[in-house]
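Take a look at the structure below. This short report covers its nonpolar core and then a few loop residues.

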Amino acid sequence: MSEEKTDKNAVTVKGDIKPWLAKMPEINIMAEIEPIFILGEKDNEPDLSHWTKLGKIIADRIDEFDGFVVTHHVHSLLAAACALSFMLLNVSKPVVFTGSQIPYMLAKKKTDKKILKKYKGLGIKANLINALQIAIQGPAEVSIMFGNKLVRANQAHITKSLSLNLFDAPLKAVLATIDFGIKISEHAHTGDKDALKFSANFDDNVSVVDFNSEQNADYLKWVLEKKPNGIIIQTHNPESALALLDNLIPVSYDMPILIHTDIPYSHSASASYIFIDNMTFEATVMKLKWALGQTNNRKKIAVLMKENIASELLEGEE
Amino acid sequence: MKIYFFGPTTEIANYNKAYEQILEQLTKAGLQTFSKTESSYVTPISEDKMAEIQAAGQSVLNHVDGIVIEATAPDSEVGYLLAHAILQKKPTLCLYQKGAQIKKTLSHLGQNIPPFIIAKPYQKSDLESIIAEYINLFGIDPEYNDVPNIKFTLRISQKISHYLHWKTHNTKKTKADFLREMIQEIIENDEKYKKYIINRKK
């Protein structure tokens with residue numbers, strides 16, 4: 001999260017957090033902050049084991065804080081936030097993910113320092129300030145704060161524009177916008193909820209096969225040999241993928257196979273496969289991992305995948 | 001100068017009058033102020049510009065020149081605005097009345113209150129001088145601010161209107177320019193006023 005990622009101000013070990021926070025006195029006037037260290041900036045990309053640890057800390061200490069801010073590597077932030085949304089069902093406090101959209105290597109080149117200068121105060125620390133304010137007064141759900149938009153984590157996608165709003169979501173999943181203050185949307189979760197349900201059981205043995213650009217039968221065969229507990233096929237053309245799958249998947253294969261498409265209504269029903277056209281890809285992957293962690297019954301998994309577990313199902317705009 | 005004013009709405013009934021007084025003084029000092037109410041935002045930033053800022057993911061606060069906060073009523077947005085003000089180095093005036101908790105909030109900054117943040121207790125009678133001090137942050141002395149940015153409605157007789165029309169017809173001056181220049185000339189020749197300004201500065 002630091003603006004100039006040198007060894008001096010990067011958070012690599014637990015002891016780095018306090019000096020790092022001390023460099024931003026402005027955030028200390030907003031709230032009392034208790035930092036918790038899980039993984040350093042220079043460590044490997046976080047995975048489910050780190051997210052489970054994070055979820056457990058939040059679940060265990062939910063009553064101690066007004067909200068939680070998670071600063072995270074951008075690359076896997078969406079997956080992390082999706083995981084937390086399924087892990088912390090009915091969460092009663094805001095859990096806000098944020099980070100820095102300045103890539104780690106950028107700060108090293110002299111020419112790129114101009115970009116850092118341009119972003120200074122607008123994209124990096126501002127994300128943290130906004131995320132903190134959301135943690136204080138924002139909606140009780142898992143969300144992502146970047147630029148001037150707060151979006152529901154499990155309906156978010158990465159934007160392809162050169163905007164500080166690195167993440168976007170359909171209108172009903174935009175939970176707040178920021179102009180001179182934070183404007184909470186009517187679609188944000190408020191009011192009473194059932195008790196928090198913490199479930200850290202995820203099955204990470206899920207394979208993804210991308211049929212969007214090419215229907216690679218050889219790759220699918222290789223994946224099947226690895227015996228994953230679930231497979232997700234990504235395709236823009238479900239009907240065509242279906243024809244290929246019918247020839248490749250053995251009848252005896254009893255693990256759930258999801259066909260994910262971004263194009264709704266583009267498929268017919270199938271008893272053998274679970275079609276998903278109303279969830280983001282990231283949410284689909286994480287939900288399948290979560291569902292496999294709840295049950296190994298294929299039919300029950302199919303039901304769970306269709307159920308709106310954590311407000312992850314995309315709704316049509318009115 | 002575009003100034004964003006914020007007063008918490010949590011105890012609006014108690015502080016509305018104070019907010020109005022501050023806004024009035026800021027306007028008198030020649031600043032273009034705007035604030036938000038619970039239901040609407042009135043800003044001098046055009047709709048197109050706002051849409052552009054929103055799409056770029058930028059902070060709207062970066063497009064104002066300064067921030068004024070009435071921080072007597074406790075509100076988490078005060079700390080939030082101050083944080084953005086510090087981050088963006090915006091000249092900020094933080095006003096509070098007796099008993100306000102803002103001093104405790106600011107104490108978290110320790111000795112590091114930036115020079116562009118002025119935090120002051122105030123009474124109605126102090127407002128003018130405090131705002132003058134705030135305006136100095138922009139390098140503008142209100143008494144020497146010649147920018148005609150204060151809207152002033154003046155009722156005139158048909159006779160004066162006829163004269164103004166005759167006087168400015170076929171010239172490049174507007175009626176408003178003519179009147180402004182005339183008043184400017186009066187100010188420059190008013191020795192009594194000049195003495196008053198010098199004494200006030202002392």
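This is a predicted model: local features need pLDDT of at least 70, side-chain atom pairs count only at pLDDT 80 or more; totals for chains, interfaces and linings use all residues.

## The nonpolar core

Ile144(A) is among the residues with the most contacts inside the largest nonpolar core. Helix H4 of chain A, residues 77-87, gives the largest share, 10 residues.

In soluble globular proteins, nonpolar side chains tend to be buried together.

## Two positive phi angles

Most residues other than glycine have a negative phi. Lys227(A) is not a glycine, yet its phi is positive, about 55°. Lys227(A) sits in the loop between helix H7 (217-225) and strand S12 (230-234) of chain A.

Asn170(B) also has a positive phi, near 60°. Its loop joins helix H6 (158-168) and helix H7 (175-189) of chain B.

## Exposed loop residues

Is Lys227(A) buried or exposed? Lys227(A) has 10 other C-beta atoms within 10 Å, so it is exposed. The cut-off for exposed is 12 or fewer. Asn170(B) has 5 such neighbours inside 10 Å, so it counts as exposed too.

Glu34(A) lies in the loop between helix H2 (25-28) and helix H3 (48-60) of chain A. Glu34(A) has 9 C-beta neighbours inside 10 Å and therefore counts as exposed. Phe68(A) is 34 residues away from Glu34(A) along the chain, and their C-alpha atoms are separated by 9.7 Å.

Terms used:
Residues are numbered from 1 along each chain as its sequence is written. Chains are lettered from A and ligands numbered from 1 in the order in which they are written. Helices (H or I, at least four residues) and strands (E, at least two) are DSSP runs, numbered from the N terminus. A residue is buried if 20 or more other C-beta atoms lie within 10 Å of its own, exposed if 12 or fewer, and partly exposed in between; C-beta atoms are placed from the backbone. A nonpolar core is a set of buried Ala, Val, Leu, Ile, Met, Phe, Trp, Tyr and Cys residues joined through C-beta atoms within 7 Å.
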